[in-house]
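Visitor: I like to know what stands behind each label in a structure. Could you walk me through this one?

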Amino acid sequence: MKSKFKEVFAGLLAAVMIFSAAPVFAFAAQVKVNTTVSVKQEHKHKKTFSVTPATMFKDGSVTVGCSECKKTLGKKTISKIGSIKVEKKNYDYTGKAVKPSVVVKDSKGKLLKNKTDYTLSYLNNTEPGRATVKVTFKGNYSGMQYLPFAIVPAFVADVHIDYEVATKKSNADVKLSWKKVNNAKSYSVSLYDGKKLVKTVKTKDQSASFSGLSVGKTYRFEFSAYNFLGKELMTDSGSFKIPKNFLKNRTFIEEKSVKTKVKVKPKSAL
């Protein structure tokens, strides 16, 4: 009887403990934990570019910024223009427009590009004489520069001195001949004995003859070529000496050229 009472009491005690603990478990099940973590993130920059062009006298710059936060993200220097040169100073006359290239470098020696960093335009670049190329800078560079160059006729090369048999023993006849000058329609050759004008020959041919010249003397000639409008394309001078042994060697006949040659070059228009 006593042992049975103990069993019943133990059962009731267990029931009371379960009943009293149930609300605790139920409350614990309803608890929610709310945790907020704050993470600071950088925004995506909206880049802007501001260019201060370089000139022939001062460096320029490219500044990178952000239109949102207004921060400067970086800055790069543009070296100033260092040198500007025409590729050549003299160009042969062809009857067509002459458009020489230009070499442009910055102060660090970097080669600048045509149409990207500058453009070219030309003045008086067809006829012989002084011509000009205009360099206008653009993009990262600013300013302009005018560079002169010359348009000259092709060289009159190998002017031949031909001696002819003369009637008088102390005199000789001389014939000058030359290659055609591009676009020339007429020529003029003046012969001088010292400062004294001997004779001027105007011709459409490529030769001029002078008679009664003294053996052993040195003569100077001035040569000019003209276009169809009569404008002088070129002018220059040369000289020759009639050899003293001319009369002894009668094998010199008309149209036989001796070794004497004069190379006439046009004067630069610059």
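Guide: D193 and K217 form a salt bridge, their closest N and O atoms being 2.7 Å apart. D193 lies in strand β12 (residues 186-193) and K217 in the loop between β14 (207-214) and β15 (218-226), so the pair ties together parts that are 24 residues apart in sequence. This is a predicted model, where local features need pLDDT of at least 70 and side-chain atom pairs count only at pLDDT 80 or more, while totals for chains, interfaces and linings use all residues. Residues are numbered from 1 along each chain as its sequence is written, and side-chain values use heavy atoms, leaving out hydrogens and water.

Visitor: Why is the contact of D193 with K217 called a salt bridge?

Guide: The term asks for a side-chain nitrogen of Lys or Arg within 4 Å of a carboxyl oxygen of Asp or Glu. The closest N and O atoms of D193 and K217 are 2.7 Å apart, and the pair therefore qualifies. A search of the whole structure finds 2 salt bridges. E222 forms one with R220, with 2.9 Å between the closest N and O atoms.

Visitor: What makes D193 count as buried, partly exposed or exposed?

Guide: Buried means under 20% relative accessible area, exposed over 50%, and partly exposed in between (1.4 Å probe, protein chains only). D193 has 25%, so it counts as partly exposed. K217, at 33%, is partly exposed too.

Visitor: And why is K115 called exposed?

Guide: Because its relative accessible area is 63%, K115 is exposed. K115 sits in the loop between β6 (102-106) and β7; strands are DSSP runs of E with at least two residues, numbered from the N terminus.

Visitor: Which residues line the largest pocket?

Guide: The lining includes V62, K76, T77, I78, D106 and Y141. A pocket is an open set of points on a 1 Å grid over the protein atoms alone, where a 1.4 Å probe fits, with protein on both sides within 12 Å along at least five of seven lines; lining residues have an atom within 4 Å of a point. The volume, the space filled by probe spheres set on points joined across faces, edges and corners, is about 200 Å³ for the largest pocket. Strand β3 (residues 72-78) gives the largest share of that lining, 3 residues.

Terms used:
Helix = DSSP H or I, 4+ residues; strand = E, 2+ residues; numbered from the N terminus.
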